[in-house]
Amino acid sequence: MSCPAPTPDPCQQICPPQPPLPPCLVKPIMRRLHLNQTKRILAQALTLSCIAGACVYFFIGAPRRHKYKEYYARAELEDYGDEMARKGLFQAVPKESLKDNQHMKK
């Protein structure tokens with residue numbers, strides 16, 4: 001860009017000022033900034049909570065359910081109940097009624 005020819009007026013600018021340099025950083029978009037940030041944070045929170053729920057289900061819930069199924073499939077619950085009744089742990093079962101059953105089992 002070339003300057004115009006000098007004029008006799010000493011106060012007049014010879015060259016116009018140069019335009020400012022473009023900024024190095026991109027200016028943030030301020031319109032709906034809070035709304036967009038809130039949407040992004042909610043999406044992240046929902047995603048992480050779904051991942052955490054799936055981890056709890058697959059690593060804690062499913063193995064625990066499997067162990068309970070195995071236990072109740074193998075357990076002899078009537079024998080456990082009779083043994084506890086013989087020890088006197090059941091208040092509703094009188095000990096006299098168990099003596100006859102105890103002789104029959106042995």
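The chain has 3 helices and 0 strands, and from the N terminus on its elements run α-α-α. Helices here are DSSP runs of H or I with at least four residues, strands are runs of E with at least two, and both are numbered from the N terminus. The model is predicted, so local features need a pLDDT of at least 70 and side-chain atom pairs count only at pLDDT 80 or more, while totals for chains, interfaces and linings use all residues. Residues are numbered from 1 along each chain as its sequence is written, and side-chain values use heavy atoms, with hydrogens and water left out.

Let me turn to confidence. The score pLDDT is the predictor's confidence in each residue, from 0 to 100. The mean for the chain is 82, and 79% of its residues reach 70 or more. Which element has the lowest mean pLDDT, and which the highest? Helix H3 (residues 95–105) has the lowest, at 60, and helix H1 (residues 33–74) has the highest, at 96. Where pLDDT is low, the predicted coordinates should not be read in detail.

Next, the record. UniProt, in an unreviewed entry, lists residues 41–60 as "transmembrane region". UniProt positions are given in the numbering used here, feature names are shortened, and annotations may be inferred rather than shown by experiment. Over residues 41–60 the chain is 100% helix and 0% strand, with the end C-alpha atoms 28 Å apart.

Accessible areas come from the Shrake-Rupley method with a 1.4 Å probe, and for residues only the protein chains shown count as cover. The chain exposes about 10600 Å², of which carbon and sulfur atoms supply 63%. A residue is buried under 20% relative accessible area, exposed over 50%, and partly exposed in between (1.4 Å probe, protein chains only). Of the 106 residues in the chain, 4% are buried.

Arg32, in the segment before H1, has a positive phi of about 60° although it is not a glycine. Arg32 is exposed, at 57% relative accessible area.

The structure also holds 2 aromatic pairs. Why is the pair of Tyr57 and Phe58 edge-to-face? Their ring centres are 5.0 Å apart and their planes stand at 80°, so the pair is edge-to-face. Rings of Phe, Tyr and Trp (its six-membered ring) pair if their centres lie within 6.5 Å; planes under 30 degrees apart count as stacked, over 60 as edge-to-face and the rest as tilted. Tyr57 is partly exposed at 42%, and Phe58 is exposed at 53%. The rings of Tyr71 and Tyr72 have centres 5.1 Å apart and planes at 75°, so this pair is edge-to-face. Tyr71 is partly exposed, at 39%.

Tyr71 and Tyr72 also belong to a nonpolar patch on the surface, together with Tyr68, Leu77, Tyr80, Met84, Leu89 and Phe90. These residues have about 830 Å² of accessible area together. Patches are made of residues with over 30% relative accessible area and no salt bridge; like charges are joined within 9 Å, and nonpolar side chains (Val, Leu, Ile, Met, Phe, Trp, Tyr) within 5 Å. H1 and helix H2 (77–86) each supply at least two residues of the patch. Phe90 lies in the loop between H2 and H3 and is partly exposed at 35%.

Finally, the charged side chains. The structure holds 1 salt bridge, a term for a side-chain nitrogen of Lys or Arg within 4 Å of a carboxyl oxygen of Asp or Glu. Glu83 forms it with Lys87, the closest N and O atoms being 3.3 Å apart. Glu83 is partly exposed at 37%, whereas Lys87 is exposed at 58%.
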